[in-house]
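I am opening a notebook page for this structure, and I will write down what I look up in the order in which I look it up.

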Amino acid sequence: MKPDTRTAMGDLIRQVREAIPFDTPADILCTGICHGCSVKLLEYLDLELTEWEYRLEEGAQPTLGDLDRLAKTSRKVYRVLQKNGLVTERTGS
C-alpha cells in the first residue's frame, strides 16, 4: 500500500536532510570553481524543507504536485553540489 501524501512528504524531507550536507561550513562551500552558489542554494532548500515541516505539523495535506516540486528542487540542488564537489554520486536512486 502506498503512503498518503503527508507521510510521503515527511519521508522525502528526511531523505533530503540525510543526503544533503546542510551543516557544511561556508569556508568549505566557497572553495574552488563554483557552478552555482552552494551557500544560497542550501539556505533556500533548508527554508523550503523547514516550511514543509511546519506545514505538516500544522496538519497540511500536500498534493502530489507539492511532492514533485520539492523532489525536483532537491535534485537540482544536489546536482549543483555534486558539480561543486561537495557531495559524491549516490547509487541506488
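Predicted model: local features only at pLDDT ≥ 70, side-chain atom pairs only at ≥ 80, totals over all residues.

Entry 1, a term I need. Before I list any neighbours, I note that two residues are in contact when heavy atoms of theirs lie within 4.5 Å.

Setting aside the neighbours within four places in sequence, I found Ser-74 in contact with Val-16, Ile-20 and Leu-45. Is Ser-74 buried or exposed? Ser-74 counts as buried because its relative accessibility is 6%, and the cut-off for buried is under 20%.

The C-alpha atoms fill a box of roughly 45 × 30 × 20 Å when it is taken along the principal axes. Of the 93 residues in the protein, 31% are buried. I then looked up how far apart in sequence the contacting residues are, and among contacts between residues at least 6 apart, 73% join residues at least 24 apart.

The accessible surface of the protein comes to about 6,400 Å², and carbon and sulfur atoms account for 53% of it. I also noted 13 positive and 15 negative side chains, with the centres of the two sets lying 8 Å apart.

How many residues does the largest nonpolar core have? I find 19 residues in it, and those with the most contacts inside it are Met-9, Leu-12, Ile-13, Ile-20, Leu-45 and Leu-70. At least two residues of this core come from each of α1 (5–19), α3 (38–57) and α4 (64–83).

I followed three residues further. Ile-13, leaving out residues up to four places away in sequence, touches Leu-49, Trp-52, Glu-53, Leu-56 and Leu-70.

Leu-12 lies in helix α1 and is buried, because its relative accessible area is 14%. Outside the four places on either side in sequence, Leu-12 is in contact with Leu-67, Leu-70 and Ala-71.

Val-77 is found in helix α4, and with a relative accessible area of 4% it is buried. Which residues does Val-77 contact, leaving aside its neighbours within four places in sequence? They are Ile-20, Leu-41 and Leu-45. For Val-77 and Ile-20 I wrote down a separation of 57 residues in sequence and of 8.8 Å from C-alpha to C-alpha.

How many salt bridges does the structure hold? I recorded six salt bridges, and I looked at some of them one by one.

The side chains of Asp-11 and Arg-14 meet in a salt bridge with an N to O distance of 2.5 Å. These two residues are separated by about one helical turn, because they are three residues apart in helix α1. Asp-11 is partly exposed at a relative accessible area of 29%, and Arg-14 is partly exposed at 48%.

In helix α3 I looked up Glu-51 and Arg-55, which are four residues apart and therefore separated by about one helical turn. Their side chains meet in a salt bridge of 3.8 Å, N to O. Glu-51 counts as partly exposed at 37% relative accessibility, and Arg-55 is partly exposed with a relative accessible area of 32%.

Helix α4 holds both Asp-66 and Arg-69, three residues apart, or about one turn of the helix. The salt bridge between their side chains is 2.7 Å from N to O. Asp-66 is buried, with a relative accessible area of 15%.

Key
Residues numbered from 1 in each chain as written. Heavy atoms only, no water. Core = buried A, V, L, I, M, F, W, Y, C linked by side-chain atoms within 4.5 Å. Buried < 20%, exposed > 50% of the residue type's maximum accessible area, 1.4 Å probe, protein only. Areas by Shrake-Rupley, 256 points an atom, 1.4 Å probe, with all protein chains shown as cover. Lys, Arg positive; Asp, Glu negative; His and termini not counted. Charge placed at Lys NZ, Arg CZ, Asp CG, Glu CD. Salt bridge = Lys/Arg side-chain N within 4 Å of Asp/Glu carboxyl O.
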